[in-house]
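Dear colleague,

Please find below the structure I wished to pass on to you. My notes on it follow directly after.

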Amino acid sequence: MANKFEKRSWAEPYRMKMVELLKMTTKSQRDKAIKEAGYNTFLLHASDVYIDLLTDSGTNAMSDQQWGAFMTGDEAYAGSKSYYLMEKAIQKYYGYKYVIPTHQGRGAENILSQILIKKGDFIPGNMYFTTTRLHQELAGGTFVDIIIDEAHDANSEYPFKGNVDISKLDDLVKKVGAKKIPYVCIATNVNMAGGQPISMANLKELREYTHKHGIRIIHDMTRVAENAFFIQQREEGYAKRTIESIVLEICSLTDGATMSAKKDALVNIGGFLATNEWDVYEEARNLVVVYEGLHTYGGLAGRDMEAIAVGIKESLCDHHQKARVGQVEYLGKKMEEYGVPLVKPFGGHGIFVDAKAFLPHLTQDQFPAQTLAAEIYADSGVRTMERGIVSAGRKANGENYYPKLELVRFTIPRRVYTQAHMDVIAESAAVVYDRRKKIKGLTMIYEPKYLRFFQAKFEKIK
Amino acid sequence: MGENKINKMRTLTEPFKIKVVEPLKVTTEEYRVEALAKAGYNPFLLSSKDVFIDLLTDSGTGAMSDRQWSGIMMGDESYAGARSWEHLEAVVKDLTGMPYVLPTHQGRAAERILYSTIGGKGKVFISNTHFDTTRANIEFTNATAIDIVCEEAKDNQSDYPFKGNIDLKKLKELVAKYGSENIAAIIMTVTNNSSGGQPVSMENYKAVRKICSENNLFLVMDGCRIAENSYFVHHKEAGYLTKTYREIAQEMLSMSDAFVMSAKKDGLVNMGGLLVVRDEAISVKCKNLLIISEGFTTYGGLSGRDMEALAIGLVEVFDEDYLHYRIMSTTYLGQGLKKKGIPIVWPVGGHAVYIDAKELYKNIPLKEYPGQALVCDLYIKGGIRCVEVGSVMFGKYDENGELIPAEKELVRLAIPRRVYTQSHIDYVLDVFDDILELREQKRGFEITYEPPFLRHFTAHFKPL
């Protein structure tokens with residue numbers, strides 16, 4: 001079946017049942033809107049946006065099956081049947097024993113960090129993620145990047161740029177000792193590297209190493225199904241395996257997980273913490289009441305837990321993932337044809353434009369990625385996101401992090417946009433690329449204390 | 001709107017009809033005995049499918065209107081600047097008159113963000129009564145939470161209409177004792193949940209505002225039942241009959257420096273919360289914390305559709321026919337129980353009826369939790385789930401490990417909004433006939449497992 005359609009279009013395995021009307025804007029309206037938003041796409045009004053590629057988080061279209069389940073949500077404060085359904089789906093499809101629902105992924109990260117991290121601990125991971133690292137730091141830990149070097153090279157075509165460099169982990173263990181490392185944090189796919197997967201072989205090797213040293217693996221599993229799709233397509237011995245079975249194998253190599261269900265699980269809100277350790281579960285159950293809600297709803301409406309239970313199952317369907325990642329790939333190829341510099345191979349949830357190569361005349365202090373995101377919006381109403389120096393923030397001593405990658409992320413919401421939308425996006429990138437030499441950079445005029453990319457404001461350099 | 005409405009007890013008509021139903025499972029007593037044992041005699045740990053009438057809480061358990069459901073379908077799920085957020089923000093600004101609105105996934109997140117911003121070690125919070133999660137949030141920051149509800153509230157039988165009031169004399173004494181620089185905030189919970197869902201009068205609120213202004217203190221309204229409180233002010237306080245419920249709420253809000261709300265009550269939604277502040281500097285600090293643990297400032301951990309539903313719910317809740325129905329249906333249960341001779345907290349509050357378990361189960365010693373015994377009996381006899389608000393929830397231990405009981409041993413029957421019919425309530429009243437036969441029993445419960453905080457949610461019990 002899969003082979004039969006291999007060379008043909010990735011046509012969606014669904015049709016539209018409900019649509020959401022969009023407002024069309026003019027160039028002068030958009031110029032005004034982005035200026036008022038301080039050249040930060042986060043601060044635009046959604047109603048001024050035509051195609052919203054800010055994030056794939058919580059922006060999914062749910063299926064009629066999910067909406068059906070949604071209507072059967074049980075809003076009981078305690079012991080809701082919807083909770084048990086969600087718990088069962090997680091146990092069945094991800095294989096973890098104990099489940100704590102949270103209102104979204106960062107709720108789970110917050111609780112997990114507080115339970116496992118002691119002051120002075122180190123948390124190695126395959127590249128940082130903004131909220132994840134912040135929770136680790138707030139709990140007194142220090143993040144250590146142990147991803148392979150290829151991940152930081154936008155031009156490398158290595159198929160598993162999410163892999164861990166075990167020698168980097170070994171160096172850390174030798175330096176600080178395994179006791180100071182409560183867990184290794186493994187993301188599937190690695191968002192900040194451009195939606196890049198980790199291979200099963202690498203994960204197995206990591207499992208063996210961590211077993212030897214008595215270190216947990218905590219799985220940041222928000223895009224695990226997309227990672228599994230890449231394993232199926234690229235890794236030897238997995239071509240005939242279902243995504244469902246690959247996901248279960250990935251999870252079986254880890255000890256617990258945090259998940260933002262707003263990505264893979266095809267919902268608009270929700271997350272959870274999962275663990276195979278009773279002690280961790282018990283402590284999490286006590287903490288979740290303080291931050292999120294009673295452990296059988298964790299800050300989620302019953303209907304949202306229903307939608308997650310159905311969404312997890314739908315996300316593991318091979319046809320769904322083929323269309324999902326196929327659409328991202330379609331956009332990437334189109335942009336590539338226009339000569340736009342991109343991170344390769346294409347990631348699972350979006351296309352990452354290399355802003356340093358796009359705007360080589362700007363220094364990193366002139367925020368090339370931030371500039372490019374603003375330019376794209378003004379051109380076509382397409383909203384993208386900066387993933388470079390602004391997102392990277394500052395070190396404890398106040399100095400800027402200078403990340404090697406300076407990217408603009410075109411994130412594709414699941415099941416929302418059509419092929420024609422993809423064409424509009426690629427054409428806009430091409431038009432801006434054509435006049436790239438005339439583009440001037442930005443200066444930052446307001447900087448918040450934490451996670452500055454959300455709220456920072458900029459001005460155009462005269 | 002008129003005074004006569006509250007006094008006439010004709011058949012209570014709902015100002016709505018049913019559009020969608022949720023089937024319930026009917027269970028036998030033997031089945032429930034087993035289910036309760038499995039749940040460690042803690043109704044919080046029961047499966048909701050095993051519950052017939054769920055009076056555990058009025059929080060997030062309400063039925064939304066068809067308009068709210070339309071809002072759910074219209075929700076804008078954009079991560080930043082969604083139109084559902086703009087709708088909600090406009091409604092909240094208009095209601096509160098405060099400029100900075102922060103959405104949160106539910107009320108406790110709003111509390112945590114605000115109280116960790118203004119609280120901390122050595123700080124004191126003073127309230128008419130802190131709710132359980134509020135107290136936990138405050139104590140979690142190593143600050144102290146002090147309750148000073150008015151003296152009248154201590155008498156369960158008096159007719160005093162505003163038993164939610166704070167004790168102004170004690171407030172002045174505490175301000176003098178701790179010094180205004182050490183007092184993080186005065187929190188007025190309206191209505192006062194832990195003391196029986198009792199309202200706070202405008203007069204009392206004004207006096208608190210005056211003390212706050214004179215001493216430069218920060219006044220927070222914990223207003224998850226602000227509409228219900230306004231109903232009582234309108235009908236029971238002199239001079240307010242000509243004001244609408246919404247105007248009364250706005251008057252009280254105009255005196256507050258911040259507003260925290262679990263929208264799961266008077267927001268008429270299943271999920272959501274709000275933190276609203278007047279001061280820009282505090283709003284900036286709170287927004288930083290919001291992004292870390294909740295979500296971006298324009299969604300705060302809520303889906304777009306939930307913000308849309310809340311924007312609509314916050315308007316619907318002030319509808320005079322709705323509020324009349326709401327308060328009267330709670331009163332209906334309270335008066336029915338009183339007629340049967342069940343000791344309840346009087347007058348009946350807005351969202352729940354509180355039964356005095358110490359009085360009902362006189363023979364069960366306090367250290368054997370008479371409230372928990374009643375909660376278990378109600379489930380076994382009728383499949384009714386409710387919650388103990390007494391020594392299980394608020395009790396502490398002395399240095400010898402002996403229980404320091406709470407001031408009251410109450411059991412709360414909370415009424416979800418727009419969910420149960422009068423026939424359901426009549427059924428509940430019938431079950432109390434069985435309870436009256438048990439009132440001479442002598443044995444209660446002991447705790448076999450308890451977590452370090454908020455133990456009532458997950459503790460296990462054993463019948464003695």
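In this predicted model, strand 11 of chain A pairs with strand 12 (residues 407–411) of chain A in the antiparallel sense, over three bridges. Within that pairing, A:Glu386 has A:Val408 of strand 12 of chain A as its bridge partner.

The two strands belong to an open sheet of three strands in chain A, ordered 9-12-11, with antiparallel pairing. Strand 9 (350–354) and strand 11 (385–387) of chain A are its edge strands, each pairing on one side only. On average, and with direction ignored, neighbouring strands of this sheet are turned by 35 degrees against each other.

Two helices of chain A pack on the sheet. Helix 12 (residues 318–337) of chain A touches strand 9 and strand 12 of chain A, and its direction makes about 25 degrees with that of strand 9. Helix 14 (residues 368–380) of chain A touches strand 9, strand 11 and strand 12 of chain A; its direction makes about 165 degrees with that of strand 11 of chain A.

The crossing is right-handed. Helix 5 of chain B contributes B:Ile113, B:Leu114, B:Ser116 and B:Thr117 to the contact, while helix 11 of chain B contributes B:Ile282, B:Lys285, B:Cys286, B:Leu289 and B:Leu290. By class, this contact has six nonpolar, two polar and one charged residues.

Yours sincerely

Key:
Residues are numbered from 1 along each chain as its sequence is written. Chains are lettered from A and ligands numbered from 1 in the order in which they are written. This is a predicted model: local features need pLDDT of at least 70, side-chain atom pairs count only at pLDDT 80 or more; totals for chains, interfaces and linings use all residues. A crossing is left-handed if the near helix is turned anticlockwise from the far one by less than a right angle, and right-handed if clockwise. Helices (H or I, at least four residues) and strands (E, at least two) are DSSP runs, numbered from the N terminus. Two residues are in contact if their C-beta atoms, placed from the backbone, lie within 7 Å. Ala, Val, Leu, Ile, Met, Phe, Trp, Tyr, Cys and Pro count as nonpolar, Asp, Glu, Lys and Arg as charged, and the others, Gly among them, as polar. Two strands pair if DSSP finds at least two bridges between them. Axes are lines fitted to C-alpha atoms, for helices over the stretch in contact, and angles run from 0 to 180 degrees between N-to-C directions.
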